[in-house]
Amino acid sequence: MSARLLRADTAFGDEALYLYAGHLEWAYWLHGYNSVYRAAFPSWFSGSPVIYPPLGAIADSLGGLLAARLLSLGFMLGVTTCLYGVASRLLDRRAGLFAAFIFVMIAPTQDLGAFATYDAMALSLLAFATWIGVVAAGLRIGPRVVLLATSGAVIVLADATKYATTLWSPVAIVVIATAAWQARGFRPGLYAGATVFGAWTIALASALAWGGRVYWRGILQTTLARSTSSAPASAVLHQSFTLIGLVLILAIFGAIASIGADARTRVLCCTAVFAVLLAPLNQARIHTTVSLHKHVDFGAWFAAIAAGYLLSRISKIDARRGWCTAVVAIIAVPGLLASFGEAGLWASYWPNTTKMVAALRPLAKPTGGQYLFEEFDVGYYYLHSDVYPGQLQNMFGFLYWDQRRHILLSGPPAFRLAITNHYFNLIEVDGQNISKPTTKAIEHSLASTRGYRLVFKQPWGPSDSAGPAHGYIEIWRLVTRRGKAS
């Protein structure tokens with residue numbers, strides 16, 4: 001189900017950003033090249049740039065974007081396997097099978113298995129940490145303590161891979177404690193949870209000390225103190241329900257069905273429902289849908305355990321008449337069909353850049369001057385072997401010296417004067433951002449400055465019909481420079 005999306009589109013912004021960041025990390029480790037972009041990654045990435053990006057870059061070097069996406073698919077297969085292992089140990093094998101089945105049905109799971117972002121790796125580490133913690137419950141004291149401590153350390157690795165994973169770290173610790181409670185009693189369960197929490201705290205403090213102030217700034221800006229956006233809370237909740245409504249409903253009914261079960265099952269199912277609500281409620285709080293399609297899958301992994309419990313109980317009721325199988329099919333088939341329609345839709349938030357890159361390749365040369373790309377991440381990912389480091393400029397942090405007034409300009413004034421002085425030989429403009437002051441200034445300057453010619457134009461959206469509504473991607477080339485060919 002994820003494999004059908006592997007070639008669905010070109011690299012979108014997040015994929016291109018993480019992969020080229022990984023290549024820059026390897027350039028620094030192997031050759032000492034430390035670009036201004038690499039130095040800035042820790043302060044504004046929402047995950048450590050030294051964990052997933054280098055792995056993604058290795059896959060990209062071996063087999064391009066497809067190999068990097070296959071790496072994510074491998075991570076998500078591991079996530080699903082760990083889900084089966086956790087649910088089958090805490091409940092029964094049938095619940096584990098149903099949990100895995102429900103989890104792979106939802107669109108966010110298919111998406112994370114088909115796109116090269118660090119979400120799949122973070123979720124796989126969180127799932128693996130939970131699984132080894134659950135396995136530890138059945139071992140002797142020595143191996144049990146070692147595995148529980150290892151589980152806490154792996155949870156921190158998951159948190160470092162993607163900072164938002166920390167939201168579900170306490171949930172994983174509760175599930176591990178519940179497993180020990182089930183295997184050895186309430187007090188050993190508390191000890192197990194305390195051991196994992198202690199290891200997690202020590203590892204987390206060590207990671208923060210190692211990362212220093214620059215990493216802490218990135219954690220604050222992207223996760224803990226993220227800026228409030230303008231999306232209505234109702235829109236955030238509605239989109240969340242569209243993505244994970246099936247597993248949410250089944251998890252709620254699973255929690256209700258657990259009322260007649262033992263206390264450990266009730267705690268497990270209620271914790272699962274709590275986990276699936278974390279991402280929607282947190283993003284409704286800050287009024288943003290950014291990365292919502294990825295974040296909801298972390299809670300859905302835990303919710304699938306409660307969903308598996310419900311379906312397992314249903315499947316054991318009067319099995320000879322077979323009506324329970326029909327009930328499960330009625331629940332599953334519509335959700336499966338809906339997930340096929342939803343999976344991959346969020347990639348349409350970024351343009352397909354196949355034609356844009358094809359138009360840029362013959363124009364981009366190491367001796368071709370300075371290039372300004374609004375789709376900078378995508379441009380750098382596809383063209384980094386055709387240009388020299390620093391030749392590509394983006395819309396952020398650009399400075400230009402005004403020789404007449406002897407001042408350093410930034411923002412729209414810097415771009416206006418640079419274009420007037422023919423500083424850029426190629427300019428790519430993203431029509432989706434035409435309302436932004438910087439983009440508006442660039443568009444106006446290109447239209448009013450002699451020497452620049454429009455050489456490429458395509459609708460921003462996934463089809464030609466989306467062009468007028470969303471604007472166009474445009475490439476402008478400097479064809480004259482003080483009367484000479486550029």
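His 287 counts as partly exposed, because its relative accessibility is 28% and the partly exposed class lies between buried, under 20% relative accessible area, and exposed, over 50% (1.4 Å probe, protein chains only). This residue lies in the loop between helix H11 (263-285) and H12, and its phi is positive, about 55°, although it is not a glycine. The structure is a predicted model, in which local features need pLDDT of at least 70 and side-chain atom pairs count only at pLDDT 80 or more, while totals for chains, interfaces and linings use all residues. Residues are numbered from 1 along each chain as its sequence is written, and side-chain values use heavy atoms, with hydrogens and water left out.

**The chain as a whole**

- The protein chain has 18 helices and nine strands, where helices (H or I, at least four residues) and strands (E, at least two) are DSSP runs numbered from the N terminus.
- Of the 486 residues of the protein chain, 54% count as buried.
- Among the contacts in the protein chain with a separation of 6 or more, 73% come from residues 24 or more positions apart, a contact being heavy atoms within 4.5 Å.

**The H11-H12 loop and helix H12**

- Ser 291 lies, like His 287, in the loop between H11 and H12, and its phi is near 65°, a positive value in a residue other than glycine.
- Ser 291 is buried, because its relative accessible area is 14%.
- Ser 312 is found in helix H12 (residues 292-315), and at 2% relative accessibility it counts as buried.
- The side chain of Ser 312 makes a polar contact with the side chain of Asp 92 at 3.3 Å; a polar contact is a pair of N or O atoms within 3.5 Å, and within protein one must be able to donate a hydrogen and the other to accept it, while residues adjacent in sequence count only if both atoms are side-chain atoms.
- Not counting residues up to four places away in sequence, Ser 312 touches Asp 92, Arg 94, Ala 95 and Phe 98.

- Buried residues of H9 include Gly 189, Trp 200, Gly 211 and Tyr 215.
- In helix H10 (residues 233-257) lies Gly 245, which counts as buried at 6% relative accessibility.
- Gly 245 and Ile 106 are 139 residues apart in sequence and 8.9 Å apart in space, C-alpha to C-alpha.
- Ser 240 is also found in helix H10 and counts as buried at 3% relative accessibility.
- A polar atom of the Ser 240 side chain lies 2.8 Å from the backbone oxygen of Val 236.
- Leaving aside neighbours within four places in sequence, Ser 240 is in contact with Gly 245, Pro 280, Leu 292 and Val 296.

- An open sheet of five strands has the order S2-S1-S5-S7-S6, with mixed pairing; two strands pair if DSSP finds at least two bridges between them.
- Strand S2 (392-393) and strand S6 (452-459) stand at the edges with a single partner strand each, so one side of each is left without a neighbour in the sheet.
- S6 and strand S7 (residues 472-478) run antiparallel and are joined by seven bridges, and the bridge partner of Leu 454 in S7 is Trp 476.
- Helix H16 (residues 411-420) packs on the sheet, where it touches strand S1 (370-373), strand S5 (424-430) and S6, and its direction makes about 135° with that of S5; axes are lines fitted to C-alpha atoms, for helices over the stretch in contact, and angles run from 0 to 180 degrees between N-to-C directions.
- Ala 364, in the loop between helix H14 (354-360) and S1, is buried with a relative accessible area of 7%.
- Beyond its neighbours within four places in sequence, Ala 364 is in contact with Tyr 371, Leu 383, Asp 386, Val 387 and Leu 426.

**The S3-S4 hairpin**

- Strand S3 (residues 399-402) and strand S4 (residues 407-410) pair in the antiparallel sense over four bridges, and the bridge partner of Leu 399 in S4 is Ser 410.
- S3 and S4 form a hairpin with four residues between them, and His 406 in the turn has a positive phi of about 60°.
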